[in-house]
Amino acid sequence: MKKLRIILGSIIIIGGIGGITSGDIIPAIFCILCGISLIPAIYEKSKLKDKKLVQIIIPIILFSICGMTLQKENVKTNYPQNETYTNTNIEEKIEIQKLKFDENDIEIDIKETKDIVLNIDPTTADTSEIKFNSTNSQIVEFNKNTEKSNEKFIYAKIQPIAEGEAEVYVSSNKIESNRIKITIIDKERIEQEKRVEEERIQREAEEAAAAEQAQKLAQEQARKKAEADAAEQARQQAQRQAQQQQAIKKQTNQSTTTQNTNNSRTVYRTPTGKRYHYISTCGGKNSTATTLSQAIASGLTPCQKCAQ
């Protein structure tokens, strides 16, 4: 353990000597003191000979002081010599006064992305606190396009997630930009639905045309059938009328024939009698033959016994 402390202390002392040569005098002095405090021989004739813990704490304290003084020296070297270090040397952050997008409403396909430019006033303002916001991250994600953004322009990337609507905007502390309404659509789905709807409309139109054609055909067939039925009824009616007329004519002819036959029929009459007879013996011995028409012309009437 003693050998380790001696070696470590020697290394630190050498480092302190090197620090003096480089100009870091104060840190170098504490570094040398730290290295000396690690060597056990310096405690042999002191009251700290048996206090091992103290022998460890002292080097630690001196090493810490060395480190702090070295840090202060490094800070000072970052500023020009003979100048006083004050807060005025630190560049102040310029606050954002206004954030604005030129776009208002955007419609975008779900398979596409879109970059929009963020206008910052003033242009030299600090942009490290800008936050990109989406009112519904399940519809659209809104982030800074780090690959495309530069010192002059900041690009915001619109990344569709699902169909729907959401608003996107940016904010920095209490400053907020205008909100843009983003509508995500699926053009492929819309086109497919449009094709399906057009096919449905075409199919319904064809079915309606076919139904109309069938209706017209049925109406035409019904009209022809009605005409045929009417013609058949007219034919049957005419046939019945013809048959009736023929029957009437036949009956008339028969009646005429009968009448003619009856008019030329032989009847019997008496010189003083007022009736004519079909049987000669009914009129008596004085009956003479004559025709029916002559008997009727003479004003005779049929006999009640034989001429009924």
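# Exercises on a predicted protein model

Of the 308 residues of the protein chain, 22% count as buried (buried is under 20% relative accessible area, exposed over 50%, partly exposed in between, with a 1.4 Å probe and protein chains only). The model is predicted: local features need pLDDT of at least 70, side-chain atom pairs count only at pLDDT 80 or more, and totals for chains, interfaces and linings use all residues. Residues are numbered from 1 along each chain as its sequence is written, and side-chain values use heavy atoms, leaving out hydrogens and water.

## Exercise 1. Confidence

Task: find which element has the lowest mean pLDDT and which the highest, and where pLDDT stays under 50.

Solution. 
- Step 1. pLDDT is the predictor's confidence in each residue, from 0 to 100. The protein chain averages 82, and 80% of the residues score at least 70.
- Step 2. Helices (H or I, at least four residues) and strands (E, at least two) are DSSP runs, numbered from the N terminus. The protein chain has six helices and 13 strands.
- Step 3. Over residues 79-89 pLDDT stays under 50, and the model has four contacts beyond four places in sequence for them; a contact means heavy atoms within 4.5 Å.
- Step 4. Where pLDDT is low, the predicted coordinates should not be read in detail.

## Exercise 2. The setting of strand β9

Task: state which strands pair with β9, and in which sense.

Solution. 
- Step 1. Two strands pair if DSSP finds at least two bridges between them.
- Step 2. Strand β2 (residues 105-109) pairs with β9 in the parallel sense, over five bridges. Here E107 has T183 as its bridge partner in β9.
- Step 3. Strand β7 (residues 164-172) pairs with β9 in the antiparallel sense, also over five bridges. For E165, the bridge partner in β9 is T183.
- Step 4. Five of the six residues of β9 are buried, so the strand is largely enclosed by the rest of the structure.

## Exercise 3. Aromatic rings and charges

Task: describe the pair formed by Y276 and Y278, then say which charged residue sits over the ring of Y278.

Solution. 
- Step 1. Rings of Phe, Tyr and Trp (its six-membered ring) pair if their centres lie within 6.5 Å; planes under 30 degrees apart count as stacked, over 60 as edge-to-face and the rest as tilted. The structure holds three aromatic pairs.
- Step 2. The pair of Y276 and Y278 is tilted, with 6.3 Å centre to centre and 50° between the planes.
- Step 3. Y276 is buried at 6% relative accessible area, whereas Y278 is partly exposed at 24%.
- Step 4. A charge sits over a ring if NZ of Lys or CZ of Arg is within 6 Å of the ring centre and within 35 degrees of the ring normal. The charged end of R265 sits over the ring of Y278, 3.6 Å from its centre.
- Step 5. R179 lies over the face of Y169, 4.0 Å from the ring centre.
- Step 6. F101, F132 and F142 form one aromatic cluster.

## Exercise 4. Backbone exceptions

Task: locate the cis peptide bond and the residue with a positive phi that is not a glycine.

Solution. 
- Step 1. Most residues other than glycine have a negative phi, and most peptide bonds are trans.
- Step 2. The cis bond joins D121 and P122, with omega about -5°. P122 is in the loop between β3 (114-121) and β4 (131-134).
- Step 3. N173 has a positive phi of about 55°. N173 is in the loop between β7 and β8 (175-176), and counts as exposed at 68% relative accessibility.
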